[in-house]
Number of protein chains: 2
Amino acid sequence: MTKADDLTQALRDAGVRITRQRAALLTVIAGADDHPDAVELHRRASKDMPSLSLSTVYRTLTALEDQGVIQRHQFDGTPSRFEKAEDDHHDHMIDVDTGEVIEFCSDRIEQLQTELAAEIGYEIVHHRMELYVRKKDG
Amino acid sequence: MTKADDLTQALRDAGVRITRQRAALLTVIAGADDHPDAVELHRRASKDMPSLSLSTVYRTLTALEDQGVIQRHQFDGTPSRFEKAEDDHHDHMIDVDTGEVIEFCSDRIEQLQTELAAEIGYEIVHHRMELYVRKKDG
DNA sequence: ATGATTGCAAAAGGTTTGCATGGCA
DNA sequence: TGCCATGCAAACCTTTTGCAATCAT
């Protein structure tokens with residue numbers, strides 16, 4: 001039972017048709033340990049499915065996001081980038097020199113965010129925290 | 001001495017030419033207490049400068065951002081929105097139902113962010129924190 | 001079978017750019 | 001005057017969409 005199989009089953013259960021193109025994309029997404037954009041995902045999935053069109057990639061990504069199977073990130077001005085939804089929430093640091101993405105999380109910050117919103121009568125639907133960073137010299 | 005005058009002077013000092021279109025835009029930006037996008041700024045500035053072109057607005061906004069006079073925000077999927085740079089840093093909550101933008105800041109969170117980055121050898125160049133929120137019922 | 005999904009090509013939306021003209025310092 | 005900034009139109013990049021053909025269930 002691979003990770004892609006898990007995802008596939010969950011989708012089938014949700015009534016989503018698993019076409020060959022969606023299966024190919026799911027395999028790529030399940031196997032990715034970075035944060036590729038739609039074009040990159042299309043490039044990777046095309047290895048197994050040369051006829052796969054970019055519009056199908058976009059449509060599928062939207063569907064998978066709606067199903068909560070993947071997450072979409074919109075970093076500073078660049079195209080949307082995707083990763084599979086994990087159980088653990090995390091945020092991102094982006095190395096402004098290299099583009100490298102580092103995942104991190106802070107329960108303390110999340111708690112403070114929740115409190116700040118609550119103070120003015122709001123609850124958080126979702127949030128976005130990105131730290132654009134540079135390696136310290138020395 | 002209006003706010004726009006202040007901005008104008010700072011720019012002149014930095015060697016930026018103040019054309020009529022830039023002056024018109026600066027007046028609009030200085031007078032805005034919301035977070036308008038480029039098209040909206042063009043609309044407002046056009047009242048005083050009907051010949052102002054949208055490309056000039058975009059070029060000017062980029063220049064002003066480079067000068068640190070304004071800040072660009074890229075909220076969830078929508079066009080970039082701008083506000084004048086203030087002395088005090090702040091972040092944003094966006095009401096997902098109304099689109100209303102609420103400014104807030106938390107020194108404690110900023111401190112935690114700095115610490116988290118430092119722990120892995122990074123320093124923060126800039127950051128972005130957006131809370132997408134909904135009014136609590138009751 | 002039949003309704004969802006695909007590929008293609010075209011369109012949309014936001015933003016940038018080449019070029020000749022015009023205007024600030 | 002010299003060079004920067006402008007307006008226009010066209011290009012760009014990412015993403016979406018209309019349509020007829022195809023496929024999963």
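Predicted model: local features only at pLDDT ≥ 70, side-chain atom pairs only at ≥ 80, totals over all residues.
Analyst: Residues are numbered from 1 along each chain as its sequence is written, chains are lettered from A and ligands numbered from 1 in the order in which they are written, and side-chain values use heavy atoms, with hydrogens and water left out.

User: What makes up chain A, and in what order do its elements run?

Analyst: Chain A has five helices and five strands, where helices (H or I, at least four residues) and strands (E, at least two) are DSSP runs numbered from the N terminus. The order from the N terminus is α-α-α-α-β-β-β-β-α-β.

User: Why is Gln113(B) called buried?

Analyst: Gln113(B) has a relative accessible area of 1%. Buried means under 20%, exposed over 50% and partly exposed in between (1.4 Å probe, protein chains only), so 1% is on the buried side. This residue lies in helix H5 (residues 107–119) of chain B.

User: What does Gln113(B) touch?

Analyst: Leaving out residues up to four places away in sequence, Gln113(B) touches Ile109(A), Met129(A) and Leu131(A) from chain A, and Ile124(B), His127(B) and Met129(B) from chain B. Contact here means heavy atoms within 4.5 Å. Ile109(A), in helix H5 (residues 107–119) of chain A, has 0% relative accessibility and counts as buried. Among the contacts of Ile109(A), with the sequence limit applied again, are Met129(A), Ile109(B) and Leu116(B).

User: What makes strand E3 of chain B largely enclosed?

Analyst: Five of the five residues of E3(B) (residues 91–95) are buried, so the rest of the structure largely encloses the strand. In a regular strand the side chains alternate between the two faces of the sheet. On one side of E3(B) are Asp91(B), Met93(B) and Asp95(B), on the other His92(B) and Ile94(B), and both faces are covered.

User: How do you know which strands E3(B) pairs with?

Analyst: Two strands pair if DSSP finds at least two bridges between them. E3(B) has four bridges with strand E4 (residues 101–104) of chain B in the antiparallel sense, and four with strand E5 (residues 122–135) of chain B in the parallel sense. Both counts meet the limit of two, so both are pairings. Asp91(B) has Phe104(B) as its bridge partner in E4(B), and Met93(B) stands opposite Leu131(B) in E5(B). E3(B) and E4(B) form a hairpin with five residues between them, and Gly99(B) in the turn has a positive phi of about 85 degrees.

User: Why is the contact between Arg128(A) and Asp76(B) called a salt bridge?

Analyst: A salt bridge is a side-chain nitrogen of Lys or Arg within 4 Å of a carboxyl oxygen of Asp or Glu. For Arg128(A) and Asp76(B) the N to O distance is 3.0 Å, so the pair qualifies. The pair crosses between chains, from strand E5 of chain A to the loop between strand E1 (70–73) and strand E2 (81–84) of chain B. Arg128(A) counts as buried at 8% relative accessibility, whereas Asp76(B), at 33%, is partly exposed. Both belong to a network of salt bridges that also links Asp76(A), Glu130(A), Arg128(B) and Glu130(B).

User: What separates Arg44(A) from Glu40(A) in helix H3 of chain A?

Analyst: Arg44(A) and Glu40(A) are four residues apart, which means about one helical turn. They form a salt bridge with closest N and O atoms 2.7 Å apart. The relative accessible area of Arg44(A) is 25%, so this residue is partly exposed.
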